[in-house]
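Subject: Handover of a structure and notes on its contents

Dear colleague,

Please find below the structure that I am passing on to you. My notes on its contents follow it.

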Amino acid sequence: MIDLVGKRNWFFLISAIVIIPGIISLAVFGLKPGVDFSSGTAMTLNFDKEVELSQLRQELTDLGYDRAVVQPAGEGEFFIRLPEISAEETTKLKGSLETGLDTTITVSSLYSVSPIVAAGTVRNTIIAVVVASIGILLYISWAFRKMPKPLRWGTCAVIALMHDLVVVIAVFSILGWAAGMEVDALFVTGVLAVVGVSVNNIVVVFDRIRENLKRGVSRDFEVIANYGIVESLGRSLNTGLATLFVIVALYLLGGVTTHTLVLALMIGIATGIYSSLCIAGQLLVVWEKGLSSRKKIATSTA
Amino acid sequence: MRRGNTPLLIFILVLFGFCLWVIWPGNGIFGRNEFTLGLDLKGGSHLVYSIDLSKKDPAQSDADVIDGVKQKIERRVNAYGVTEPIVQTIRNERGSFVLVQLPGVKDIDQALKLIGQTAELDFRELMIDSSGKAVLDENGKEQWTIAKAKGSDGQERELAGKYLKPNAQVNLTQQTNEPEVAFEWNSEGAVLFEQVTQRNLQKPLGIFLDNQLISAPTVQAVIKEKGVITGLNLDEARTLAIQLNSGSLDVPLALVERRDIGATLGEDSLKKSLMAGIIGSAMVVLFMIAYYRFSGLMACLALVVFVVLNLAIFKLIPVVLTLPGIAGFIVSIGMGVDGNVLVAERLKEELRRGRTLGAAIEEGFRQSWSAIFDANVTVFIACAVLYWLGNTFGNFLVIGFATTLFIGTALSMFTQVVVTRTFLRTVVGLGMAKSPGAYGVAKQ
């Protein structure tokens, strides 16, 4: 039988390697808020002829929009992000660009949010995250009510959950400054969905460990935990893989609108599989026995 | 075969057949013959206006003003000819808002003018000083003052758009082919208009919309009931006619959120998502069959039932399908195998322990149910919070995801357990697929 518990310090190390730079990035750069949270006007413009990025930038600067962020979005397509402008200014801007660049422009999508709405979105998002956390904590304390030390199991589950969330948020922070990835309401949606999925993986693993504890598989908690984790391996990997298949397909083929949602789900679910198998149960063992690795691996009882 | 399994199988098959019929294009019950697509898939405009209640008449209650705004916008939007518009009010701690969705609208600029303008129409006279000359402001422009006259009850009233009958229409003048808006006064308006035209014979009468002069025709005769407004282009004339008929808004609106999605973008996104869904599901099917063999195949049949039932629910409720909504549905297909995986794993274990196939199936399901149920509770919690979050700021994309993920998860609990178990019992009862190898258990 594979010894997943014995290698726990390696797993903790791997997580630290991912999480520490992520936390640094979060602390230094934070997340890059999209118009949902920071207000502003974002547009995708389609030009009917070849337009250089520099040309468009120059034109926008000439029109007084020197704070505009311009990114190429595809063939003859650009994404523009401005501080919030009114409907009249939008129409005027389009007209001026058409004259200036001598082309016809189709606005294939536009999203404009005023500061009052953005402030409300930030506030509601915080409330939603708090409410979801309380809901999940209540659920966890209920789900672990039959465990021998419910508080201990619940705490380990919450730490593993936090681990997943930090990885997702950290990756978005890194992508924010490295690739201009913005977070929007759909990113929050993805993160909250990850909370739901991630806890459920941990519950399934803990459920197995508890079952083995009851059956008295071994006197050594480390062995019991390892059994539980290895027995959950098939289920966790297979369900996770099946879910990842559809999510990867959505990410690659599904279009840009849902990218932040799907990417958050993809990272969160992949991390969730890892943390449920390599972190959550191992944390229980650490709490029971301390950080030191076991000297001899008990595989003979298999 | 267990008692009760055959009726259950028949029930599932009938339900499946019915749902398959429902999701076929053009079919449906209660008039729900097509899927309801959200704005991001149809293309169109999503607008949120804040209602400035500080400008309201103190005699009116907040609720009345908000309701009035909503009704008038509904009338405007309906008259504009948008199919299936949505007009909703949102009240929260930040103020009062009205949300307007205009699917498939082409000329958004025109629509923005139509909805957002207060559309307060009034008639004004030139201000004349004691010497009979027009009063000019510092820029040398004539000054206008709102025309007042005695109403039928002797009270002085301003001549304004609220005395118009809601039957204004756009005509083209015969001579010049220019558009004009023909209007008719109600009885009170006629009383006022008669006095005003009488007083201003051979003088200009200014017609103002939201304090902007749109035309100043010279009064040629005393008129009571009818009149025309010129000086507009065709689009403006149409917009004005709709606004006059719908009534002016009691308070000004400010556009605080706007989301436009081009029709081609929506169509393109829909195709891409469907393709992603089909390829993703195909991979799940291949994987399940390769790994779990026969119980994997059964799980896939259950998955087909799940997809068909789910789509039928979407059509019949109807659920507004958005891109994140479709993503939520597709994710629920992936997660929907979870129960089947749990059961199939248990089944393998029970078979390895040497149980008979029938006993292993019953034991597998019995053992797995609590895990399946508990595992989905967390997803429900997340969906409920997301649904609330989406509603508080009218974000239809977030609501779409929460709704489909919730429905998908709830329904998959049914198909994972009831449908798969019924299928497995049926095959076992028929004496098919007896070898443990068919369930992915290696021969000892």
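In chain A, helix α6(A) passes helix α9(A) in a right-handed crossing. Please bear in mind throughout that this is a predicted model. The two helices cover residues 150-179 and residues 259-289 respectively, and their axes come within 8 Å and cross at roughly 145°. On the α6(A) side, the contact includes A:Arg152, A:Trp153, A:Cys156, A:His163 and A:Asp164. On the α9(A) side, the residues include A:Gly268, A:Thr271, A:Gly272, A:Ser275, A:Ser276 and A:Trp287. By class, the residues of this contact divide into 15 nonpolar, six polar and two charged.

At the level of domains, the assignment for chain A gives domain 1 (8-34 + 116-289) and domain 2 (40-113). The C-alpha centres of these two domains of chain A lie 39 Å apart.

**The interface between the chains**

Chain B places 61 residues in contact with 57 residues of chain A. The elements of chain B that give two or more residues to this side are β2 (44-51), α4 (108-116), β14 (253-261), α7 (263-316), α8 (323-352), α9 (357-392) and α10 (396-430). Of these, α7(B) gives the most, with 14 residues. The residues on the side of chain B that touches chain A divide into 38 nonpolar, eleven polar and twelve charged.

Strand pairing also links the two chains: β4 of chain A (residues 105-113) and β14(B) pair in the antiparallel sense over five bridges. Within this pairing, the bridge partner of A:Ser109 is B:Ile261 of β14(B).

B:Ile108 is found in helix α4 of chain B. B:Gly44 is 64 residues away from B:Ile108 in sequence, but the two are 8.4 Å apart in space, C-alpha to C-alpha.

**A three-stranded sheet in chain B**

Chain B also holds an open sheet of three strands in the order β9-β10-β13, with antiparallel pairing. Its edge strands are β9 (169-172) and β13 (226-229), each of which pairs on one side only. From one strand to the next, the twist averages 35°.

Four bridges join β9(B) to β10(B), and in this pair B:Leu172 stands opposite B:Pro179 of β10(B). The hairpin of β9(B) and β10(B) has six residues between the strands, and B:Asn177 takes a positive phi near 65° there.

With kind regards

Terms used: Residues numbered from 1 in each chain as written. Chains lettered and ligands numbered in written order. Predicted model: local features only at pLDDT ≥ 70, side-chain atom pairs only at ≥ 80, totals over all residues. Contact = placed C-beta atoms within 7 Å. Nonpolar A, V, L, I, M, F, W, Y, C, P; charged D, E, K, R; others polar. Pairing = 2+ DSSP bridges. Domains from an automatic or database assignment. Axes fitted to C-alpha atoms, helices over the stretch in contact; angles between N-to-C directions. Left-handed = near helix turned anticlockwise from the far one by under 90°.
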